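Student: I am new to this structure. Can we go through it step by step?

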Amino acid sequence: MSLYYLIGLLFGVVNTIRHRVRGYRTPRPFDDSDIDRAIAHDESVVDRWAARGDLSFIGMKILELGPGPDLGTGAIMLRRGAASYAAADLFPLAEAASEEFYARLSEKIGEFDREALSFTLVSFPDLHELSEKFDLVVSNATLEHIADIPSLFVALSHLLADNGIMCHHVDAKTHMRWLRDRDPLNILRYSDTIYDRLLSFPGAPNRLRAGDYVDAAHRAGLDTRIVPGRKLDRSYPHVTARFRNREDLDLLTFTVICSQPSGDPEMKVI
Ligand SMILES: C[S@@+](CC[C@H](N)C(=O)[O-])C[C@H]1O[C@@H](n2cnc3c(N)ncnc32)[C@H](O)[C@@H]1O
């Protein structure tokens, strides 16, 4: 048993107790009061969706899952020509965003209509509170917190308009701060019994790899492709048995692009 195994277990148990007692409260690795950093974060998230998904937001009806503590991404996409923006989350984090945040955001990106940034509390994975169709569904660092991705993709396939697109950026690394750079696949070291009993709480990382998202999207009848992000630059023999021999272990972050079936053969490969 290695040192990282023991450290991850110790940190993980403490983290699990904290989440079970206090609930999900810290969606970002910096404080919400750091407004400049929050705005820069929102801009970089939107830029990444645009680049990885080769997207223009012009005229799009957009749904974002799990926006976190503010709706800045929505304001930025409206400024870039989106027709509408709706956010949906399990937790009401975005409702606490400050007036000062939106005032500073509008100084930075230009005027936008606050009333056009809609927010709905929803149940995952069925999203039964939503009934409209969307041209574009996006998320950043959200899907890895959702336990039942196959059911979520089925629900999203019903919400996607004809020719609709989804662009989900996934951070599949260990989320514990001290470990994420030193031992990014630490969460894969533990057996299902240990992970599910000792290291699980609502919103705990689901441990899915890129290929699992592709399978779930295909089962929901969607075409899909993965745009790779950060890769692990060394082999990693420490994972528990069921992750061994997987070919997608080196992908630490990636973007899942899905669409209604188009017959485009490029969309069917990873
Ligand atoms: C890491 S934050 C990302 C927030 C934002 N997208 C960003 O980039 O800063 C994860 C988001 O997923 C949501 N979330 C966490 N656990 C969830 C769960 N079990 N089911 C649904 N959403 C969850 C949180 O409310 C939060 O909005």
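Tutor: Start with Arg28: at 9% relative accessibility, Arg28 counts as buried. Buried means under 20% relative accessible area, exposed over 50%, and partly exposed in between, with a 1.4 Å probe and protein chains only. The model is predicted: local features need pLDDT of at least 70, side-chain atom pairs count only at pLDDT 80 or more, and totals for chains, interfaces and linings use all residues. Residues are numbered from 1 along each chain as its sequence is written, and side-chain values use heavy atoms, with hydrogens and water left out.

Student: Which residue meets Arg28 in a salt bridge at 2.9 Å, N to O?

Tutor: A salt bridge is a side-chain nitrogen of Lys or Arg within 4 Å of a carboxyl oxygen of Asp or Glu. Side chains of opposite charge can pair when their charged atoms come close. The side chain that meets Arg28 at 2.9 Å, N to O, belongs to Asp70.

Student: Is Asp70 buried or exposed?

Tutor: Its relative accessibility is 3%. Asp70 therefore counts as buried.

Student: How far does a polar side-chain atom of Arg28 lie from an oxygen atom of the ligand?

Tutor: Arg28 is among the residues that come nearest to the ligand; near means a heavy atom within 4 Å. From a polar side-chain atom of Arg28 to a ligand oxygen, the distance is 2.7 Å.

How values were computed. A polar contact is a pair of N or O atoms within 3.5 Å; within protein, one must be able to donate a hydrogen and the other to accept it, and residues adjacent in sequence count only if both atoms are side-chain atoms.
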